[in-house]
Each structure stands twice: as C-alpha cells, then as structure tokens.
There are 2 protein chains.
Amino acid sequence: MGENIGAAARVMANFGLADLRLVAPRDGWPNEKAEAMAAGALEGPVSAAVFADLDAAIADLTYVVAATARPRHLEKPVLVPGEAAGELRARGAGTAVLFGAEKSGLPNEAVARADAIVTYPVDSAFPSLNLAQAVGVFAYAWATGAGPAEPLARPEPASKKETRDLVDHLLAELEEARFFFPPEKVEMMELNVRAAFDRAGLTSQEVSTLRGAIKALANGPKRRRSE
Amino acid sequence: MGENIGAAARVMANFGLADLRLVAPRDGWPNEKAEAMAAGALEGPVSAAVFADLDAAIADLTYVVAATARPRHLEKPVLVPGEAAGELRARGAGTAVLFGAEKSGLPNEAVARADAIVTYPVDSAFPSLNLAQAVGVFAYAWATGAGPAEPLARPEPASKKETRDLVDHLLAELEEARFFFPPEKVEMMELNVRAAFDRAGLTSQEVSTLRGAIKALANGPKRRRSE
C-alpha cells in the first residue's frame with residue numbers, strides 16, 4: 001500500500017534512515033499516495049529503490065533481519081527491536097530490516113533468507129501492528145541505540161548473493177545425487193539448509209572454501225573416473 | 001484528525017495501553033475515520049473519553065508529561081521517550097502523556113501544565129513526526145520499559161559433539177576426494193570449516209540434514225556406478 005510506504009519513509013527520515021528498498025510494490029512506483037504520506041521524505045531525505053524480487057534487493061547486503069511475529073520454527077536468533085538495532089549498528093553498512101505487506105507479512109521464503117528475526121513486544125490480544133508503525137518503532141530503536149557501537153572485529157562477510165549461490169550450488173548437486181526423497185521434503189530441507197548457512201554469517205573465504213568442498217565431493221576422483 | 005486518533009488508538013492497543021483521553025476533538029466524536037484506522041482498537045482494547053478542555057482531562061491525574069519538540073524555555077525536566085516511560089511506570093496509576101495536534105503541536109498553556117517534557121531524538125533536518133508515530137514510539141518505550149522480559153524461546157541446539165562429528169565426516173570425505181592440496185593447506189582449511197559450522201549454532205536436525213547431504217554427495221549415483 002502506497003500509504004504505508006509513504007508513512008514508513010516519513011518516519012525513517014525522522015530518525016535518520018535514508019535507504020528504502022521496495023520489492024515489487026503492489027501499486028507500482030512512484031506512487032502518489034506514498035508521496036502524500038511521506039510529507040517530503042521521498043523528495044530528498046529518503047531514497048527509494050525498486051527491485052523485482054527480494055534476492056535482487058538484498059544481493060549486496062551482508063546481514064538482514066526479518067520483522068515477523070511468527071518465527072515459524074526456523075532456527076534463527078529472535079531479537080527485540082532494540083537488540084536488532086544494536087546488531088545492525090555494530091555491523092555497519094550492508095545491513096537491512098525486511099518488512100512484509102501489512103496484511104500478509106513476510107512469506108516463509110523471505111524470512112528464511114534472513115540472519116535473524118525481529119519481533120515486537122505486542123499485546124497478544126491485539127498484535128496486528130501497522131506496517132509504518134513497525135518501521136517507526138524500529139527507526140526509533142535504531143536512533144536511540146548505543147551510538148555507533150564498537151565495530152566488532154569481524155572478517156569480511158560474504159554478500160547475500162555469495163551465500164545464496166553457495167546454497168544453490170549445494171542444492172543442485174544434491175538434486176543430481178538424488179538426495180531429495182521423498183520429493184515433498186525438498187522445500188523444508190531447502191529452507192533448513194538456507195537457514196543454517198545464512199545464520200553462519202559466512203565470510204567470503206569460507207564460501208569459497210565450501211564451494212570447493214562441494215565440487216570436490218560431487219566430482220571426486222572416483223566419480224571423475226566413472227565419466 | 002480522526003485518522004491520527006484512530007492510528008494512535010491502534011498502536012496503543014498493540015502495546016497494552018488502554019486509556020485514551022481526547023480534548024475537544026476537531027471533527028467531533030465518535031469519528032468514522034478514527035474507527036477505520038483503529039482496526040478494532042476502539043471497540044474494546046482502548047476506551048476513549050472526550051473532555052471539553054485539558055484541565056478537565058487531567059483533573060484526576062498526578063503526573064503528566066507533554067510531548068513537544070520545543071521546550072520553550074520552560075523550567076521542566078526534558079526526557080527522552082524511554083525515560084518518560086520509566087517515570088510513568090514508576091509512578092503507577094494517575095499518569096499520562098499529552099500529545100498535541102499534528103500540525104500545531106501542544107499550545108504553551110498545555111505544556112505549562114505538565115510535570116516534564118518528553119522530546120524525541122529526531123533528525124533536525126526532518127523533525128516533523130506523525131502524531132500516531134509519536135504515540136507509537138512512546139507506547140513501545142512504555143511496553144519495553146521495565147518488567148522481566150520474556151525469556152526468548154530458542155530451538156534445541158546440537159551438542160558440540162554432534163557438530164564436531166559432522167565436521168569430521170565432511171573432512172574425511174574431502175580427504176578421500178583429494179580436496180586438500182597442497183597438503184600444507186589442510187590445517188587452515190580445517191580450522192575455517194570448523195569455525196564456520198561452530199558459529200552457525202546448528203540444531204540437531206540441521207546436523208542430521210547436513211550429514212545426509214555429505215553422504216549423498218560423496219556416494220552419489222555416478223560415484224556408486226563406478227565402484
């Protein structure tokens with residue numbers, strides 16, 4: 001909804017956040033209702049970029065948190081907004097929070113791509129938070145979080161695309177090795193494997209090592225001899 | 001504006017605040033636009049009472065904080081939302097936060113009646129906060145202000161031994177696939193792989209999935225045919 005996007009942009013600008021990425025916005029872009037609700041935020045303070053899908057939107061990022069009320073049994077850290085804001089601040093550039101459409105929320109495959117989940121301490125009797133309010137609360141938590149926190153000494157993280165390509169490579173080789181049986185299991189296993197590798201926060205070097213490892217296993221000397 | 005009142009009521013309900021007092025609402029009360037934006041919050045979770053003026057609205061209260069961006073040289077404590085929420089919680093019943101109309105804010109005589117001022121850490125280049133967002137941020141600060149936080153539910157982690165066995169299995173298969181070349185690289189690669197899997201904090205289920213994957217790759221159909 002354009003109104004929610006505009007209201008989200010406005011409160012981002014209030015709290016100093018400038019980089020808005022839209023994934024396939026329902027009503028197209030630019031959007032008049034968004035501009036009206038943004039009260040000027042989209043005319044300078046906040047830049048909005050449109051992406052065809054989530055993978056494209058997060059390809060250059062290194063750490064992504066998904067806002068969802070339903071952890072759906074994915075094995076990911078669950079953070080409150082203040083903690084999530086702290087994580088993003090500590091990691092510096094290349095981070096994002098994912099928000100879904102207000103009614104439906106984020107689909108499973110979007111949550112699966114995240115490194116962690118952020119969930120809001122809402123009253124269980126009235127849990128449905130307006131999308132722009134969810135963005136506003138996060139933006140406030142970000143603005144009041146401990147100032148540019150100590151950058152943790154961390155090795156160069158892999159981009160989301162590197163990690164995704166690694167998992168795609170593994171899944172393709174597993175497919176060829178007839179690993180997915182019965183076929184109904186494919187989707188859940190894929191989610192599990194993606195979740196595990198996302199959570200690992202692999203470095204570029206590790207991704208490269210693991211890709212070599214997959215290649216070696218899939219095309220080991222015995223296997224090469226057979227061809 | 002009815003829309004702002006409704007959106008404020010909705011986010012109050014999200015964070016467990018139930019008592020809304022309206023001072024001479026511009027468009028009268030009840031208000032259809034407020035009800036639409038409240039998404040049900042005004043039909044139970046939040047009760048709205050209308051007062052003719054501010055003095056009547058706060059007559060029975062003991063501590064009131066005024067939300068304003070402009071302290072106007074009044075000699076009052078200036079708090080950020082988290083501090084204001086803490087003050088209200090500490091004082092118990094009989095407390096309130098005053099918010100003004102979105103465009104004009106609170107008039108001087110309203111701010112003068114407050115015990116303290118709450119001001120939001122907004123970007124000075126884009127300071128105009130939507131009224132419902134201001135209420136939302138306060139409500140969130142109130143909800144997270146104190147009290148024992150719920151212990152977060154975490155999935156069953158794999159034991160250190162399970163993760164170590166997984167890495168041993170992978171390394172043994174890689175050894176057989178002649179992956180480690182030159183031999184001097186073995187130790188560093190082993191360290192890298194162990195570090196990545198340790199950091200992932202795998203669950204037992206994920207360890208089991210990954211062991212199946214390694215086995216499938218190492219003994220894929222082509223490889224079996226060659227033996």
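Start with residues 147-153 of chain A, where pLDDT stays under 50. For this stretch the model has 6 contacts beyond four places in sequence. The model is predicted, and the mean pLDDT of chain A is 86. In that chain, 90% of the residues reach 70 or more. For the complex, the predictor gives an ipTM of 0.70 and a pTM of 0.72.

Next, select the whole of chain A. Its C-alpha atoms fill a box of roughly 65 × 40 × 35 Å along the principal axes. Chain A contains 10 helices and 6 strands. Of its 227 residues, 51% are buried. Take the contacts in chain A between residues at least 6 apart in sequence: 84% of them join residues at least 24 apart.

Now select two helices of chain A, α7 (residues 160-176) and α8 (residues 185-200). They pack at an angle of about 140 degrees, and their axes are 10 Å apart. Because angles count as roughly antiparallel only over 145 degrees, α7(A) is oblique to α8(A). Their crossing is right-handed. To see the contact, show the side chains of Lys160(A), Thr163(A), Arg164(A), Leu166(A), Val167(A), Asp168(A), Leu170(A) and Leu171(A) on α7(A). On α8(A), show Glu190(A), Val193(A), Arg194(A), Phe197(A) and Asp198(A). Colour this contact by class and you will find 6 nonpolar, 1 polar and 6 charged residues.

The crossing of α7(A) with α9(B) is left-handed. From α7(A), Leu170(A), Glu173(A) and Leu174(A) make the contact; from α9(B), the residues are Ala213(B), Ala216(B) and Leu217(B). By class, this contact has 5 nonpolar residues, no polar ones and 1 charged. Leave Leu170(A) highlighted: this residue is listed in the contact with α8(A) and in the contact with α9(B).

The last stop is in chain B. Select Ala101(B), which lies in the loop between β5 (95-98) and α5 (108-112). Is Ala101(B) buried, exposed or partly exposed? Its relative accessibility is 46%, so Ala101(B) counts as partly exposed; the exposed class begins over 50%.

Conventions. Residues are numbered from 1 along each chain as its sequence is written. Chains are lettered from A and ligands numbered from 1 in the order in which they are written. This is a predicted model: local features need pLDDT of at least 70, side-chain atom pairs count only at pLDDT 80 or more; totals for chains, interfaces and linings use all residues. Side-chain values use heavy atoms; hydrogens and water are left out. pLDDT is the predictor's confidence in each residue, from 0 to 100. Contact means heavy atoms within 4.5 Å. Axes are lines fitted to C-alpha atoms, for helices over the stretch in contact, and angles run from 0 to 180 degrees between N-to-C directions. Helices (H or I, at least four residues) and strands (E, at least two) are DSSP runs, numbered from the N terminus. Angles under 35 degrees count as roughly parallel, over 145 as roughly antiparallel, 65 to 115 as roughly perpendicular and the rest as oblique. A crossing is left-handed if the near helix is turned anticlockwise from the far one by less than a right angle, and right-handed if clockwise. Ala, Val, Leu, Ile, Met, Phe, Trp, Tyr, Cys and Pro count as nonpolar, Asp, Glu, Lys and Arg as charged, and the others, Gly among them, as polar. Buried means under 20% relative accessible area, exposed over 50%, partly exposed in between (1.4 Å probe, protein chains only).
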